[in-house]
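Hi there,

Here is the model I promised to pass on. Could you have a look, and then read my notes below?

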Amino acid sequence: MSVKADSVRQHVRKSYAEVAEASNDGGCCGEASSCCGVSDDAAINTLISTRLGYSEDDLAKVPDGADMGLGCGNPRAIASLKAGEVVVDLGSGGGFDAFLAAHEVGEGGHVIGIDMTPTMLSKARQNAEKGEFTNVEFRLGEIEFLPIADNTADIIISNCVINLSPHKELVFADAFRVLKPGGRLAISDVVATAEMPEEMKNDPMLHAGCMAGASMIDELEGMMVDAGFEMIRIVPKDESREFIRDWAPGRGVEAYVVSAYIEAVKPGGCCSG
């Protein structure tokens, strides 16, 4: 791994540790606050999450503190989760999406959340205990090198995390390894629609804030094809520019990035192409 890539990873880890600590304290989340939404006002976090596509019923299903306003969409909207499935959540944070997935897959299913930030992992595990979730576990790890066996997951979900990786090709390659034949990706993430100026690309705050690390759509498609995926579908959501503008007010980032739904299938299952 290059020095620059490791520096990016360490900065992101530090920023999201601050997010977790701020959420625990009910305060502002510092440098990553551009897209983290952490507030001591539950109504504000509810507004943020419903803006991203969650319902108030969703919010009522998770323990207090799990909804931190993180994300850029609702990956479950495209996941079509089924009872009994094994779900892996990349960058699971406080466990919000993992807990919602756990409700859908039921007691016969299993959800594995992966996060590289020990403070966030501790928060998610505490939330699981509070909510008495027996079909969810959280593991410390990096999304490029998942601590999960081959052919484990029916589906991999993720919410605004892959853009943070300096090696997205490794993320997709390891996701492919972990999925069962016929397994699928259901991802909400930020993608670039125009080449971002260098000063923005090199801004640590914009990187930790889910903006500067976004890749162009054709680049993402290429990485997914190289990993072996089929039935690739990337759907940008232009309306997301409205909330992305709020992530870095006055910077104009919304001219370069949007939220998108990303789907793909690992060949070999009964329904693959």
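Let me start with a residue on the outside: Glu132 is exposed, with a relative accessible area of 68%. In these notes, buried means under 20% relative accessible area, exposed means over 50%, and partly exposed lies in between, with a 1.4 Å probe and protein chains only.

Before the rest, a word on conventions. This is a predicted model, in which local features need pLDDT of at least 70 and side-chain atom pairs count only at pLDDT 80 or more, while totals for chains, interfaces and linings use all residues. Residues are numbered from 1 along each chain as its sequence is written, and side-chain values use heavy atoms, with hydrogens and water left out.

Back to Glu132, which is found in the loop between H7 and E3. Helices (H or I, at least four residues) and strands (E, at least two) are DSSP runs, numbered from the N terminus. Glu132 has a positive phi of about 55 degrees, although it is not a glycine. Most residues other than glycine have a negative phi. Cys210 is also not a glycine and has a positive phi, of about 75 degrees. Cys210 lies in the loop between helix H10 (204–208) and H11, and it is buried, with a relative accessible area of 2%.

Now the overall picture. The protein has 12 helices and 7 strands, and 55% of its 273 residues count as buried. Its accessible surface is about 11200 Å², of which 52% belongs to carbon and sulfur atoms; such areas come from the Shrake-Rupley method with a 1.4 Å probe, and for residues only the protein chains shown count as cover. Among the contacts (heavy atoms within 4.5 Å) with a separation of 6 or more, 73% are between residues 24 or more positions apart.

Next, the sheet. This is an open sheet of 7 strands with mixed pairing, in the order E3-E2-E1-E4-E5-E7-E6; two strands pair if DSSP finds at least two bridges between them. Strand E3 (136–140) and strand E6 (230–237) are at the edges with a single partner strand each, so one side of each has no neighbour in the sheet. On average, neighbouring strands are turned by 15 degrees against each other, direction ignored. Axes here are lines fitted to C-alpha atoms, for helices over the stretch in contact, and angles run from 0 to 180 degrees between N-to-C directions.

Strands E4 (residues 153–159) and E5 (residues 179–192) run parallel and are joined by 6 bridges, with Ala153 opposite Leu179 in E5. Helix H8 (residues 168–178) packs on the sheet, where it touches strand E1 (86–90), E4 and E5, and its direction makes about 155 degrees with that of E5. Helix H11 (residues 217–227) packs on the sheet too, touching E5, E6 and strand E7 (257–265), at about 160 degrees to the direction of E6.

Strand E2 (residues 110–115) pairs with E3 in the parallel sense over 5 bridges, and Ile112 stands opposite Glu137 in E3. Between E2 and E3 the chain passes through helix H7 (residues 118–131), making a right-handed β-α-β crossover. Right-handed means that, with the strands pointing away from the viewer, the path from the first strand over the helix to the second runs clockwise.

Which residues have the most contacts inside the largest nonpolar core? They are Val87, Phe99, Val111, Val136, Phe138, Trp247 and Val257, in a core of 44 residues. A nonpolar core is a set of buried Ala, Val, Leu, Ile, Met, Phe, Trp, Tyr and Cys residues joined through side-chain atoms within 4.5 Å. H6 gives the most to this core, with 7 residues. Apart from it lies another core, of 29 residues, among them Val171, Phe172, Val191 and Met223.

Helix H6 is largely enclosed by the rest of the structure, because 8 of its 10 residues are buried. Just after H6, Gly106 takes a positive phi of about 75 degrees.

Val86, in strand E1, counts as buried at 16% relative accessibility. Val86 and Asp154 are 68 residues apart in sequence, yet 5.3 Å apart in space, C-alpha to C-alpha. Ser165 sits in the loop between E4 and H8 and is buried, at 3% relative accessible area. Not counting residues up to four places away in sequence, Ser165 touches Ile143, Glu144 and Val171.

Best wishes, and enjoy exploring!
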